[in-house]
Amino acid sequence: MSAYGLLYRLGLTPWERNEDTGPLAQIVGARPPGRALDAGCGTGRHAVALAEQGWTVTGIDAEPYAVARARERATRAGVADRVSFIVGDVTRLGDVLPPGDLDLVLDLGCFHGLDSRGRAAFAAVVNRRCNPGAVVLLHVVAPRRGMGPRGVDEAEIQSVFGPAWSRATTPSSTDGGGPLRGVPFRWVTLTRAPQNDAEETR
């Protein structure tokens with residue numbers, strides 16, 4: 001059993017209680033429902049909320065326990081027909097992500113815990129599968145030492161996703177809890193260039 005699997009079973013999941021969703025409501029409110037990916041979805045809180053607003057959502061997490069709870073959540077909310085949850089590795093998205101291009105990608109605390117190779121692999125699939133005008137929303141901490149995610153800086157985010165994405169960063173009000181207690185988070189919003197702009201950068 002992984003460390004995250006044990007934490008889920010013990011109920012030691014401060015990330016599940018974080019109510020700060022940053023710019024997510026504004027992003028969703030500015031576009032019609034489309035197809036979304038919740039990478040590192042946990043028990044499906046955000047994926048289900050998107051499905052309730054009409055989005056078609058895929059949630060992926062490596063922890064079977066969390067995915068089982070996410071499926072139960074979707075059933076209780078009456079949106080199991082609009083959201084699917086898959087046990088899988090976000091660094092191997094191409095192996096598990098269903099067909100269909102994406103309009104929104106959420107990664108709320110997963111990306112910053114991957115190593116450099118994993119981040120590049122994740123971004124490569126996102127780049128292939130995202131529509132022009134799509135948004136990737138990351139919730140991350142800066143590079144750090146100690147237990148928990150090692151963090152990520154702005155330069156690496158821009159490097160792995162590439163020049164087709166504009167970037168905006170805002171502070172987060174959350175306290176990560178556990179080994180991240182007191183560590184400042186931030187929201188990074190990546191917006192893919194519209195079709196004409198994307199074609200010009202090729």
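This is a predicted model: local features need pLDDT of at least 70, side-chain atom pairs count only at pLDDT 80 or more; totals for chains, interfaces and linings use all residues.

Guide: Start with a term. Two strands pair if DSSP finds at least two bridges between them. Now apply that to strand β1, residues 35-39, and strand β2, residues 56-61. Five bridges join β1 to β2. The two strands run parallel.

Next, ask how much of β1 is hidden. Buried means under 20% relative accessible area. Four of the five residues of β1 pass that test, so the rest of the structure largely encloses this strand.

Now move to strand β7, residues 185-192. Seven of its eight residues are buried, so β7 too is largely enclosed by the rest of the structure. Look at its partners. Strand β5, residues 130-141, pairs with β7 over seven bridges. The sense here is antiparallel. Find Val-136, and you will see Leu-190 of β7 standing opposite. Strand β6, residues 165-171, also pairs with β7. Again there are seven bridges, and again the sense is antiparallel. Here Thr-169 stands opposite Val-188 in β7.

So much for strands; turn to a pair of helices. Helix α6 covers residues 116-129, and helix α7 covers residues 154-161. Their axes come within 8 Å and cross at roughly 45°. Angles under 35 degrees count as roughly parallel, and 65 to 115 as roughly perpendicular. The two helices are therefore oblique to each other. Their crossing is right-handed.

Which residues make the contact? On the α6 side they are Ser-116, Arg-119, Ala-120, Phe-122, Ala-123, Val-126 and Asn-127. On the α7 side they are Glu-156, Val-160 and Phe-161. Sorted by kind, the residues of this contact come to six nonpolar, two polar and two charged.

Finally, step back to the whole chain. It holds eight helices and seven strands. Of its 202 residues, 47% count as buried. Then consider contacts between residues at least 6 apart in sequence. Of these, 71% join residues at least 24 apart.

Key:
Residues are numbered from 1 along each chain as its sequence is written. Side-chain values use heavy atoms; hydrogens and water are left out. Buried means under 20% relative accessible area, exposed over 50%, partly exposed in between (1.4 Å probe, protein chains only). Axes are lines fitted to C-alpha atoms, for helices over the stretch in contact, and angles run from 0 to 180 degrees between N-to-C directions. Angles under 35 degrees count as roughly parallel, over 145 as roughly antiparallel, 65 to 115 as roughly perpendicular and the rest as oblique. A crossing is left-handed if the near helix is turned anticlockwise from the far one by less than a right angle, and right-handed if clockwise. Contact means heavy atoms within 4.5 Å. Ala, Val, Leu, Ile, Met, Phe, Trp, Tyr, Cys and Pro count as nonpolar, Asp, Glu, Lys and Arg as charged, and the others, Gly among them, as polar.
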